[in-house]
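Open the viewer and get ready to select residues. This tour goes stop by stop.

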Amino acid sequence: MQPTDDFYQAVRYLYCGGVITGYPDGTFQPYNSASRGQLSKIIVLAEGMPINTAGGPHFTDVPIPNPFYTYIETAYNAGLISGYTDGTFRWSNNVTREQICKLVVNAEGWIIDTGG
């Protein structure tokens, strides 16, 4: 990643704020996909939400030892995310653009306006 990249400033902002860390080898790899678990962590940290795991675990595939457990539970308890009808969250699946949109709108508390 170079300072001339379009996304450099935004990535640097989140990195400096402790929201993202990148990979153990010191790279960020901006063209890699993000998982549902990673996005949950980013949103919880970016919004400065207090960790809330009350009532958890809510998803059969996100046990307490999972590295994203606290963030997924916090986002769930805040009403930002939901899982699948089979009781899973599928935390390691790549997040889709529509899921990103839903999570950002919910996290920001924006009122839905589809009037154009």
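A note on the model. It is predicted: local features need pLDDT of at least 70, side-chain atom pairs count only at pLDDT 80 or more, and totals for chains, interfaces and linings use all residues. Residues are numbered from 1 along each chain as its sequence is written, and side-chain values use heavy atoms, with hydrogens and water left out.

Stay on Asn66. It lies in the loop between α2 and α3 (69–77). Asn66 counts as buried because its relative accessibility is 10%; buried means under 20% relative accessible area (1.4 Å probe, protein chains only).

Next, select residues 36–46, helix α2, and residues 97–108, helix α4. Helices are DSSP runs (H or I, at least four residues), numbered from the N terminus. The α2 and α4 axes are 11 Å apart, at an angle of about 20°. So α2 is roughly parallel to α4, a label for angles under 35 degrees.

Now show the side chains between them. From α2, pick Arg36, Leu39 and Ile43; they meet Gln99, Ile100, Leu103, Val104 and Ala107 in α4. By class, this contact of α2 with α4 has 6 nonpolar, 1 polar and 1 charged residues.

Last, follow α4 to its end. Just after α4, select Gly109, which takes a positive phi of about 70°.

Terms used. Axes are lines fitted to C-alpha atoms, for helices over the stretch in contact, and angles run from 0 to 180 degrees between N-to-C directions. Helices (H or I, at least four residues) and strands (E, at least two) are DSSP runs, numbered from the N terminus. Angles under 35 degrees count as roughly parallel, over 145 as roughly antiparallel, 65 to 115 as roughly perpendicular and the rest as oblique. Contact means heavy atoms within 4.5 Å. Ala, Val, Leu, Ile, Met, Phe, Trp, Tyr, Cys and Pro count as nonpolar, Asp, Glu, Lys and Arg as charged, and the others, Gly among them, as polar. Buried means under 20% relative accessible area, exposed over 50%, partly exposed in between (1.4 Å probe, protein chains only).
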